[in-house]
Amino acid sequence: MKDYWIWDPSVIKGEDGRYHMFASRWSKQYGFGNWVTNSEVVRAISDTAEGPYEFVEVVLPARGKQYFDGCTTHNPRIVKNGDYYVLYYFGNNYDESNPSFTENVWESGLGQKAWMHKRIGMAYSKSIAGPWKRVDQPILNPRKGEWDASITSNPSPVVLPNGKVYLVYKSSPVNYNPPLLLGAAQADSFLGPYRRLSDKPIFSFHTDQNHENDVEDPFVWYNGQQFELIMKDRYGKICGEEGGGIHAYSKDGIDWHLSKSVKAYSKTIQWDDGTTSHQANFERPFLLFENGKPTHLFAATGDGSEPYQFERTWNMVIPIKSI
């Protein structure tokens with residue numbers, strides 16, 4: 001979208017047979033860093049998984065600072081659970097005035113304050129077109145004094161065959177500084193309550209001397225026998241490429257193992273005309289499954305000289321060869 005920063009692809013086939021992308025956007029009158037203060041979740045439609053996707057509506061607008069998600073909605077993930085479409089996201093609010101277009105929120109401190117208010121929320125609807133019922137309280141809150149004391153964000157839900165929901169989320173012990181860690185929760189119904197499956201993070205690669213060995217942006221699925229996951233290697237110390245992807249698997253969703261071929265994807269992209277490019281960012285990976293098999297990999301990316309220095313951003317789709 002010419003006038004907006006775009007991020008966070010999540011796609012599902014609706015009851016109309018078309019493909020619906022839920023994504024984040026915020027005005028380009030702000031800097032890219034205002035994802036934390038001004039983002040809203042939107043929906044776009046395409047007749048094919050490859051797109052192009054056309055904007056339809058704002059799904060989760062700002063709804064007032066009396067709500068935990070009153071200022072910002074971001075990180076959407078859409079799933080089908082029984083008769084309902086269920087949309088997970090994080091929301092936040094802040095006491096300060098909305099930033100001006102010229103304010104650098106990370107220099108003024110507003111970005112850090114908004115970051116610390118990130119909480120996972122959920123909305124649901126019987127139709128992909130809504131109306132959406134947003135819960136008024138977070139479905140998962142931080143725990144004081146624990147590894148996830150700061151926030152809850154980056155939700156990655158899996159609807160299990162029995163209807164239960166397995167949910168991976170991101171947090172940290174103190175604040176926005178490394179290490180960022182991932183945890184797991186589960187609920188008998190998408191309405192909750194969501195309970196931690198472990199008091200410890202499910203992934204922890206850092207040491208006391210090196211906090212920068214960490215991960216984020218999980219995408220989790222269940223293949224009928226075990227859980228699988230791809231996630232972003234923030235500093236490249238696990239898969240060998242900064243911002244590249246890691247693959248892991250687990251029988252129970254608690255005890256995870258890195259795959260022997262640990263690298264799941266690269267920021268070096270091959271285009272359909274045979275050319276390649278190395279993207280400054282390749283984030284928020286999302287796999288579209290059809291008939292039980294992954295068919296397309298989506299990710300948030302952009303044109304820029306270095307990470308987060310964008311001229312424009314978009315949600316990319318890469319068809320996956322079947323084997």
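Modeller: By nonpolar core I mean a set of buried Ala, Val, Leu, Ile, Met, Phe, Trp, Tyr and Cys residues joined through side-chain atoms within 4.5 Å; buried is under 20% relative accessible area, exposed over 50%, and partly exposed in between, with a 1.4 Å probe and protein chains only. Strands here are DSSP runs of E, at least two residues, and helices are runs of H or I, at least four, both numbered from the N terminus.

Before going on, the ground rules: this is a predicted model, with local features needing pLDDT of at least 70 and side-chain atom pairs counting only at pLDDT 80 or more, while totals for chains, interfaces and linings use all residues. Numbering runs from 1 along each chain as its sequence is written, and side-chain values use heavy atoms, with hydrogens and water left out.

Now zoom in on Phe282. Skipping neighbours within four places in sequence, Phe282 is in contact (heavy atoms within 4.5 Å) with Gly243, Tyr265, Ser266, Lys267, Ile269, Leu297, Ala299, Ala300, Met316 and Ile318.

Asn92 sits in strand 6 (residues 84–92) and is buried, at a relative accessible area of 0%. Again leaving out neighbours within four places, Asn92 is in contact with Val36, Phe68, Asp69, Gly70, Cys71, Thr72, Ala114, His117 and Lys118. His74 is 18 residues away along the chain, and its C-alpha atom is 9.0 Å from that of Asn92.

Zooming back out, the chain has 3 helices and 21 strands. Its C-alpha atoms fill a box of roughly 50 × 45 × 45 Å along the principal axes. Buried residues are 55% of the 323 in the chain. As for contacts between residues at least 6 apart in sequence, 52% join residues at least 24 apart.
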